[in-house]
Amino acid sequence: MTALTLSKALNEGLRKAMENDPKVLIMGEDVGRLGGVFRVTDGLQKDFGEDRVFDTPLAESGIVGTAIGLALRGYRPVCEIQFDGFVFPAFNQIVNQLAKMRYRSLGKLILPVVIRIPCGGGIGAVEHHSESPEALFAHTAGLRVVACGDPADAYAMIQQVITCDDPVIFFEPKRRYWDKMEVDLAGGLAAAGPLDRARTLASGTDVTVLCYGPMVRTCAEAAVAAAADGRSLDVIDLRSLAPLDTPAIFDSVRKTGRCVVVHEAPVTGGLGGEIAARVTQECFYYLQAPVLRVGGYSTPYPPSRIEEHYLPDLDRVLDAVDRSFAY
Amino acid sequence: MAVKAAGRAASRAHPKPPASPPLIQLLTPEGERTEHPDYPLEVSTDEIKALYRDLVLVRRMDFEAIALQRQGELGIWASLLGQEAAQVGSARALGPRDMAFPTYREHGVAWCRGLDPIKLLELFRGVSHGGWDPREHRLGLYTIVIGSQTLHATGYAMGIQRDGALGEDGEAVIVYFGDGATSQGDVNEAFIWASVTNAPVVFFCQNNQWAISEPLERQSRVPLYLRAQGFGFPGMQVDGNDVLGCLAVTKKAMRAAREGQGPTLIEAYTYRMGAHTTTDDPTRYRLSAELESWKLKDPVERVRQYLIRSALADEGFFAGINAEADEVGARIRASCIQMADPAPLSMFDNVFTEPTAQLEAERAQLAAYLDSFADEEDGR
């Protein structure tokens, strides 16, 4: 076991994927000599060469569009979008081309493209550097959408998505890049479980708390705090946002009768609403309270000096747990 | 007075572009063979006859498809009428291992790549979104969002570089797009990427003068081929209605790409003689005189004239081609009319490499719903 930051764990995962398959390429802005603005690709160009790890022009549509072409040629490109808000110039290529090309070909093509996106707020950044656009991609048929929550899982998941033959949008919680934990670099991927399965962070009986990405740590901490108040939270890291691991969600809610969904993204039109609808449909007679959502407001991401009031934190999660009990 | 002043202001704002060299042309509209110092073309009579056959058959296929749309058998059709030479000439310049990325109007390119035209009709009938294997005929799937495929082509070409597949016997890519597409960000990004990576890709722009109802003036103040200069690679303008000119220019550009000299922009100067698609009405935005003037430059007729005036083909040859065209037309018609709709539940196929539980549940849901009408139908 080695203590690694989430950034370094991703770096090690990428390294392993590149060692395992010579078709894996890394492309994006500043991913080469600089090693990425978050250092996720640090040292990879030096070790794997400029053909396999390369800096691109500053054009996100170009990054994804040429990655599609490389995939059609048999490569497995891993694209870095520097910040969440910068993905939108590539939105057309992702939604209209990447997501639909296999379908268009009646299954004759595979599009093994990974798009890594540092996401979420909490780093005191300027506009467009703190967004959580996952629902837009989860809404798009043909894309797998996943979010890693801690270093060990990040290390495994980045390797899993690179071996996946479907296009994957891979969200990395940027304010957790420097969180450290023990990672088993020697272990296989089996321990991580399948890519589209959720995992239980804390077992409990009173309330199901669903989270992913940057909220994984927040909700794990909420479970500890709630336990001190005598409440037992069943905290689940969804990991895969499309497809959702609904059996895991339903099992938990049938056990607890209460459900709180937590994400940084705006609640309106967010994944929490989708989950609430599905839980209501499948667990209706088990529910003691309506499914509650904790997330961003229906505002653009606010200036960073007040972002702490926008972002869900431990207290807002616990407040939702309290409200769930008030029914 | 005010109008005049505005006119002067407009002319100040739009300086004339630099004088252009004449169109590259190897066969005049009258069917006269000419030479160009930079584009010598050795082509046998049999090859010219084969090109003529392509042009006629492609035009017939297009004609048949328009008729099928009129009769309700196709949802829509994007006609290539007038652009046969640009497509056949450029596509016949490709080697078997070269890769072509089309728009949705490249029926002539598809023909030359050996794709059964019926696959195109499937798309326009609404039976599939394409569905052919791009690797089989080295032809990408039709791409409907304007300009997107230029980036796919460039990425594919970057893959060729990484595979070490350049050289005399190597591979290169050609990507098709129109004059309207040159305004798209993706096309400009593709130019930049191809330029800075020196990718083996030929950008083949069919300037057919109209982007639905918008004339070229809405897209550019300079001739399109001149744009290449600013991106750092060669660009040239060829008579897009001259199949030999298109063949020669494309051959040279593809060879340069294969040999590691990077991208080229070819502007094939042509004319969309028909409507944008069967839903369009060009009489609302352009004068019939324009069409009449382009009819004099018809891409098929000039080859026929050449063959006749050079006494290279007799009536039997033309009759044979026409008979073959009739057969192609009849076969397309019959295949189209007999084409079955896909099974409703097939809509759930191929979203991912393995179906998700969600998709399987939805498939079962629709199946059960459809089954619920079975009794009702039996009762009738």
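**Reading an interface and a strand**

Analyst: In this predicted model, 33 residues of chain B are in contact with 33 residues of chain A, two residues being in contact if their C-beta atoms, placed from the backbone, lie within 7 Å. Residues are numbered from 1 along each chain as its sequence is written, while chains are lettered from A in the order in which they are written. Because the model is predicted, local features need pLDDT of at least 70 and side-chain atom pairs count only at pLDDT 80 or more, whereas totals for chains, interfaces and linings use all residues.

User: Which element gives the largest share of the side of chain B that touches chain A?

Analyst: Helices (H or I, at least four residues) and strands (E, at least two) are DSSP runs, numbered from the N terminus. Helix 7 of chain B gives the largest share, 11 residues; the elements that give two or more residues are helix 7 (148-162), helix 8 (185-197) and helix 14 (357-371) of chain B.

User: How should I read the faces of a strand, for instance strand 2 of chain A?

Analyst: In a regular strand the side chains alternate between the two faces of the sheet. In strand 2 (residues 24-28) of chain A, five of five residues are buried, that is, 20 or more other C-beta atoms lie within 10 Å of their own, with C-beta atoms placed from the backbone. A:Val24, A:Ile26 and A:Gly28 lie on one side, and A:Leu25 and A:Met27 on the other.

User: Which strand pairs with strand 2 of chain A over five bridges?

Analyst: Two strands pair if DSSP finds at least two bridges between them. Strand 4 (residues 76-80) of chain A pairs with strand 2 of chain A in the parallel sense over five bridges, and A:Pro77 is the bridge partner of A:Leu25.

Methods. Buried ≥ 20, exposed ≤ 12 C-beta atoms within 10 Å, placed from the backbone.
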